[in-house]
Each structure stands twice: as structure tokens, then as C-alpha cells.
Amino acid sequence: MNRRDFVRLVAAAPVWAVLPVWSRQEKPVFGRTLLLLELNGGNDGINTLVPYCESAYYRQRPKLALPVDQILQLNERTGIHPALEPLMPLWHAGEMAWIQGLGYPQPNRSHFRSIAIWDSASASDEVRSEGWLTPIVKALPLRDEKPLDGIVIGRNSGPLAGEGMRVVSLSDSDVFLRRAASVEPISQISDNPALQHILQVQREIGHAAAALRERLTAQIHSLVDRFPNSRFGRDLALAARLIVSGVDVPVIKVSQSGYDTHSHQSAKHRRLLTELAQGLAVFRSALTDSGDWNHTLVMSYGEFGRRVAENASAGTDHGTAAPYFVLGGAVKPGLYGETPSLTSLDGGDLRFTVDLRRYYGTVASKWFGVSGAGIAGEGHDPLGFLL
């Protein structure tokens, strides 16, 4: 191995150097995996989970309101955007739930500040450096037997931030695999302790790279071709490959960007939701085929929703409350929380009906089996969307 190869591989190696080496026949018995899905930019929840029977919906959105005959009905009053049609089989199979009106008191309409509140479950006037999942993951049984606390496919660790967290970021496994394949085994020895340590690190990186290369390419290479050919599709494919190949990690985070639709929203939003639904439908299919779907939970969130009224640019501006969905074999289907009123508004914005901390506390207690009291606080009983 030359110095250039070593430096390039070390840049990727922290993701994998700590992973245990499993052969294809030694795939571990899975714990539960939470796939965090951040809808970055502020998704328009009103045109996602649509109150199609409300006259105020059409009055406030003369251009953006979806035609009734295109909306996919979930019940007699609520439906979803037609671009989400690939997710309807999950709804009918009882593997999808919507939590309506999610938000928090004294909402902030800044992208940066609001996502910080969502990431940490803090009050709107409180700053926390620790993510909401950090104490939960640290409290998990047998945590020390797992190599990692989380993998972030992208950059922002957000809900997993905090001291002592074993979280790595991974943007492109194929780049890692190409570099790993070019690394030659290290056979040198030295009497110099410092040099010997470097050589030993190089050997460990080489072994980890070879093990990961085998696990991510064996039997599941064709899995990638099933996903949409977009950044989000590739990231979701990587998440699926990690789970299917046996990387035992409690949390994987992915993001989909582009939801800040201030202008010409209709086409942009349709494209984003189409990409989202198609990717998640393939993700579910892949994990169903591998037997991993029943112990995987997809949990969506974002910094805020959009305002009720459309703006003069055929878009919507930063709002407050929004609906989010969960998917998985352990989901109890339905609509949870009260639908926010489109007429009793807070300065033109929806009033939240479910505190985000109740959403988080439900996942903590029902999915991970860890008390969510520290997140939800007193008076926030779990929601019923998990079996």
C-alpha cells in the first residue's frame, strides 16, 4: 500500500474499521433498526395528507389545491397526494400510519433553528447539544455488543448528536469499495513502536475493507438497480444494503432535500413525492424479501410544514405543524392525532395538535423499549401507532 492509498482509505475507514467481520453464513440475529427519514426544507403537509372535504382548503389554495378525483382517499375526509400511490399497498396492508398536526409550542420558522428543535426535542427557547435519540440509544440493552450507535447517510447527525456517540457518516459505499479493492495487504514489520502502530492500523483497515466489500457485494448487488436513480434513491438503496447485508446498527438516517417550495410548487412537490414513494416502496420490497421488514421502522420528520394559504408565486411559505408517517411491519395503521383546523389559525399557520415529543416518546417506549419520559415529559402518553 502506498501513502496515497492509505490516506484515501483512512478517510472512509472510520465507518467500517469498527465493524465486526461476518461471513455471509454468519449474518447476526437482528435487533430493531430505526430508519430516520428527514424531509428537508419543510414539506407541504396540507398537500401531502389532504383534507379534501374542507372548503377552506380550496378557498385558501385556488391554484395549488388538488382535484378531488385525483386524491387517494384514506377515509371519508382525508386522502394523500396522488404521487404517493406506490405507498397505498402499505396502507392497505396495515403497515402505514399518519400522525397529524405534529409540532411544538412557540414554533420557529427558521430552517436552522426549527430543525435543531426537532433534532433535540428541546423547547423553542432552549438550546441542546444532544440529539433526542442519544439517551435512548445509550440506554439500549446490549449496546456495548454493537459496533455502532448509528450510521448517517449524509452529513447531519442531528438526533444522534452527543458526547460518546459512535456515529459515522457515509455518503457513497461504491467509492469506499473501489478504494478498498485497490489496497494491497500489509506485510511489513518494524521495531519502531510508532511505525508498528501505523502498520497495524493499516492491516485492520485492510481487513475491515475486505470484509465489508464482500458483505455489500455478495448476493445483493442487483438490489441497487431496483431503486430510483436519484440521490435519495441511491441513499435509500445504501440503507437497504446495510440492513440486508447484516450491519447491526440501531439507527440509520437518510434525508431527502428540496421541500422548500416557495414558488411553482405543484410540479416540484409531485416530483419529490413520486421519488419518495417509489423509493420507499422498493425499500419495503427489498426488506420483505430479506426478512428484515418486520424489525425495521421508517420514521419521517422535518423542520416544519407550510402555510395554509398559497403565495403569489404559486408556492407556499414556511409554516408550522405538519403530518408525518411511519412505515413498518410493526406499525398499527391509521390516522393519529387531531386534524388541525384550516380556519382557526395562528397568524395564518396551523396550530399543532400533537407535540413532537409525544411522537418521539412513543418510538422510545414502543420501538426501543426505553422510557420516553425524559423526552415526552409528564402528560404525554404514547400514541398508538406501534404494536
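In this predicted model, Ala-240 touches Leu-223, Phe-227, Phe-283 and Leu-287, leaving aside residues up to four places away in sequence. Ala-240 belongs to helix α8, which covers residues 231-245. With a relative accessibility of 0%, Ala-240 counts as buried, because the cut-off for buried is under 20%. Asp-292 lies 52 residues from Ala-240 in sequence, and the C-alpha atoms of the two are 9.6 Å apart in space.

Helix α8 also takes part in the largest pocket. At least two residues of the pocket lining come from α8, and at least two come from strand β8 (251-256). The space in this pocket is about 330 Å³. Its lining has 17 residues, and those closest to the pocket centre are Ile-153, Gly-154, Asp-235, Ser-255 and Ser-257. By class, the lining holds four nonpolar, seven polar and six charged residues.

The next part concerns strands. Strands of a sheet pair through backbone hydrogen bonds, in either a parallel or an antiparallel sense.

Strand β9 spans residues 296-301, and six of its six residues are buried, so the strand is largely enclosed by the rest of the structure. Both of its faces are covered: one side carries the buried residues Thr-296, Val-298 and Ser-300, and the other carries Leu-297, Met-299 and Tyr-301, also buried. β9 pairs with strand β1 (residues 33-39) in the parallel sense and runs antiparallel to strand β10 (residues 322-328). Met-299 has a place in both pairings: it is the bridge partner of Leu-36, and it stands opposite Val-326 in β10.

An open sheet of three strands is built in the order β2-β4-β3, and its pairing is antiparallel. β2 (49-50) and β3 (72-73) are at the edges with a single partner strand each, so one side of each has no neighbour in the sheet. β3 pairs with strand β4, which spans residues 79-80. In this pairing, Leu-72 stands opposite Ile-80 of β4.

| Strand pair | Sense | Bridges |
|---|---|---|
| β1 and β9 | parallel | six bridges |
| β9 and β10 | antiparallel | three bridges |
| β3 and β4 | antiparallel | two bridges |

Methods
Residues are numbered from 1 along each chain as its sequence is written. This is a predicted model: local features need pLDDT of at least 70, side-chain atom pairs count only at pLDDT 80 or more; totals for chains, interfaces and linings use all residues. Side-chain values use heavy atoms; hydrogens and water are left out. Two strands pair if DSSP finds at least two bridges between them. Helices (H or I, at least four residues) and strands (E, at least two) are DSSP runs, numbered from the N terminus. Buried means under 20% relative accessible area, exposed over 50%, partly exposed in between (1.4 Å probe, protein chains only). Contact means heavy atoms within 4.5 Å. On a 1 Å grid over the protein atoms alone, a cavity is a set of points where a 1.4 Å probe fits but cannot get out, and a pocket is an open set with protein on both sides within 12 Å along at least five of seven lines; lining residues have an atom within 4 Å of a point. Grid points are joined across faces, edges and corners, and a volume is the space filled by probe spheres set on the points. Ala, Val, Leu, Ile, Met, Phe, Trp, Tyr, Cys and Pro count as nonpolar, Asp, Glu, Lys and Arg as charged, and the others, Gly among them, as polar.
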